[in-house]
Amino acid sequence: SLGCLLYEMLTFKPPFDSNSMDGLARKVMKGKFDPISSAYSQDMHRLVARLLVVEQKDRPTVEQVLADPMVQRRLELLPPLDADAPALDEAMDLVRTIHVPRKFNDLKQVLPPSRYETPLNSDRGGALASRNNSSANVRRAQQVLQYPQQAERPPPKRPSAPELLKPPPGAAGGPPAD
């Protein structure tokens, strides 16, 4: 929802989080979330609260949010639109930028696993390892999506830090040249 997106933009974390889908569903249904920082205005606190109401019918629509006097006051602070700029739909066709493998089922192999299917690591090191693994999965997905024929090749071996510090063969202090 727009409320979750806004909350995460303000706090850098989702409003609802859990180790399982059941736990996440319970938290969402309760509608309880940590308040955003007091550095944000009371208007922003109210907007986030209105957007994170459990019942969808009780949340404001995008039109209602944009018509809100608080939002209108802040819209006036934005620079005017360039009249010569092309319309957004003319400027870029985003659909053409999405690359999907020919076999859609291959997409599942390159995406990171759902974090709800595996237990979360509670220790800091595990979280860091998980984050690094996620980056590797994203790079792998990009490789497969952009170059499917090359995806089966293992990545080139990168030298370790000690190998990089060794002088080249034949150099003073380095191994003898062959």
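How much accessible surface does the protein chain have, and what share of it belongs to carbon and sulfur atoms? I looked this up first: the accessible surface comes to about 15,000 Å² and 57% of it belongs to carbon and sulfur atoms, by the Shrake-Rupley method with a 1.4 Å probe.

I note that this is a predicted model, in which local features need pLDDT of at least 70, side-chain atom pairs count only at pLDDT 80 or more, and totals for chains, interfaces and linings use all residues. Residues are numbered from 1 along each chain as its sequence is written, and side-chain values use heavy atoms, with hydrogens and water left out.

Next I recorded the secondary structure: the protein chain has nine helices and zero strands (DSSP runs numbered from the N terminus; helices are H or I, at least four residues, and strands E, at least two).

I then turned to burial. Of the 178 residues, 16% count as buried (under 20% relative accessible area; exposed is over 50%, partly exposed in between; 1.4 Å probe, protein chains only).

In helix α1 (residues 2–11), I found Gly3, Leu6, Tyr7 and Leu10 buried. They lie on the same side of α1 because they cover an arc of only 100° around the axis, taken from the directions from the helix axis to the C-beta atoms. The face turned away from this buried side carries the exposed residues Leu5 and Met9. The buried residues of α1 pack against α3 (42–51) (contact: heavy atoms within 4.5 Å).

Finally, I checked what follows α1: Phe12 does, and its phi is positive, near 65°.
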